[in-house]
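Turn the structure around for a moment, then read on.

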Amino acid sequence: MRTRLLTLVLLVSTLGFTTTTSAQELGRRQTVPGVNNYWFVDKTISTGGSITNRDQAMPALKKLGIKTVVDLAGGAESDAEKAAAEKAGMQYLVFAINSQTLDPAPLAPMLKAISDPANYPVFIHSGNGHRAGMALYVKRVLVDGWTLERAGIQAASAGMVRSEEHTSELQSH
C-alpha cells in the first residue's frame, strides 16, 4: 500500500491532465467566513486552504453540515482549531503531510478517515489547499476507482497544483 501511495504522490506531482469531466464533478467555490479557498466538491467532501479565523470558520462549517474537519497542515494552530471544531460540534482530525518531503505515512490513515461514511461530510484543509486537493485526488483514484485523468481534473479545480520544485525533487529519488 505504501508503494502504491508513493507512486500516486509522484504522479500527482508530474502528470498533466487532458480528459474532460462534467461541471458537476468539478464542484464549486463558495465563500465561507474564516476559510481560505473553500471548495464544495460533493455531498461527502469539501476542500480548502487555511482556516483564517477559527471563531468564524467552525460555526460556518457546522452550518454547512460538515461533520469532520481534517487538517493536513498540522502545526501550532491545530490545537486551537480542534477546540473550536469540537465546540461547534464537529470532529477534528490531524494528518500532517509535510509539503517538502511528501512522506506517504499519513496517507493511509487519512484515506481511511475521509472514506468512512460515519465521518461525512468531511472538510479537508491545508495551508493553501494544495495538499487538500492532493488528498482528494488520491481518494478518488484509490478508493473511488476513478481514472488518474478524471481525478486530476477534479483535484486541480479543488486546489491541487503541479509543483516544479516537487517534481524535480521526486524524480531525483
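A residue is called buried when its relative accessible area is under 20%, exposed when that area is over 50%, and partly exposed in between (1.4 Å probe, protein chains only). At 19% relative accessibility, glycine 74 therefore counts as buried. The model you see is predicted: local features need pLDDT of at least 70, side-chain atom pairs count only at pLDDT 80 or more, and totals for chains, interfaces and linings use all residues. Residues are numbered from 1 along each chain as its sequence is written, and side-chain values use heavy atoms, with hydrogens and water left out.

**The overall picture**

- The protein has eight helices and six strands; these are DSSP runs, with helices (H or I) of at least four residues and strands (E) of at least two, numbered from the N terminus.
- Along the sequence, the pattern reads α-α-β-β-β-α-β-α-β-α-β-α-α-α.
- Of the 173 residues in the protein, 46% are buried.
- The protein exposes about 8,400 Å², and carbon and sulfur atoms supply 52% of that area; accessible areas come from the Shrake-Rupley method with a 1.4 Å probe, and for residues only the protein chains shown count as cover.
- Among contacts (heavy atoms within 4.5 Å) with a separation of 6 or more, 66% are between residues 24 or more positions apart.

**The sheet**

- Six strands form an open sheet with mixed pairing, in the order S1-S2-S3-S6-S4-S5; two strands pair if DSSP finds at least two bridges between them.
- S1 and strand S5 (91–94) are the edge strands, each pairing on one side only.
- S1 and S2 run antiparallel and are joined by two bridges, with arginine 28 standing opposite phenylalanine 40 in S2.
- S2 and S3 also run antiparallel, here with three bridges, and a hairpin joins them through two residues.
- Aspartate 42 stands opposite isoleucine 45 in S3.
- S3 and S6 run parallel and are joined by four bridges; glycine 48 stands opposite histidine 125 in S6.
- In a regular strand the side chains alternate between the two faces of the sheet.
- Strand S3 (residues 45–48) is covered on both faces: Ile45 and Thr47 are buried on one side, and Ser46 and Gly48 are buried on the other.

**The nonpolar cores**

- A nonpolar core is a set of buried Ala, Val, Leu, Ile, Met, Phe, Trp, Tyr and Cys residues joined through side-chain atoms within 4.5 Å.
- The largest core has 28 residues, and Val70, Leu72, Phe95, Met110, Ile114, Ile124 and Tyr137 touch the most other members.
- Strand S2 (39–42), helix H5 (107–114), strand S6 (122–125), helix H6 (130–142) and helix H7 (148–157) each supply at least two residues of this core.
- H6 gives the most to this core, with eight residues.
- A second, separate core of 15 residues includes Ala60, Val69, Ala85 and Tyr92.
- Which residues does valine 70 contact, leaving aside its neighbours within four places in sequence? They are Leu93, Phe95, Met110, Ile114, Val122, Phe123, Ile124 and His125.

**Rings and charges**

- A search of the whole structure finds one aromatic pair. Rings of Phe, Tyr and Trp (its six-membered ring) pair if their centres lie within 6.5 Å; planes under 30 degrees apart count as stacked, over 60 as edge-to-face and the rest as tilted.
- The rings of tyrosine 38 and phenylalanine 123 have centres 5.5 Å apart and planes at 25°, so this pair is stacked.
- The pair links distant parts of the chain, 85 residues apart: tyrosine 38 is in the loop between strand S1 (28–29) and S2, and phenylalanine 123 is in strand S6.
- Tyrosine 38 is buried, at 2% relative accessible area, and phenylalanine 123 is buried at 0%.
- Tryptophan 146 has the charged end of arginine 140 over its ring, 4.5 Å from the centre, and that of arginine 150 over its ring, 3.8 Å from the centre.
- A charge sits over a ring if NZ of Lys or CZ of Arg is within 6 Å of the ring centre and within 35 degrees of the ring normal.

**Spots along the backbone**

- Most residues other than glycine have a negative phi, and most peptide bonds are trans.
- Asparagine 37, in the loop between S1 and S2, has a positive phi near 65°.
- A cis peptide bond joins tyrosine 120 and proline 121, with omega about -15°; proline 121 lies in the loop between H5 and S6.
- Glycine 74 lies in the loop between strand S4 (68–71) and helix H4 (78–87).
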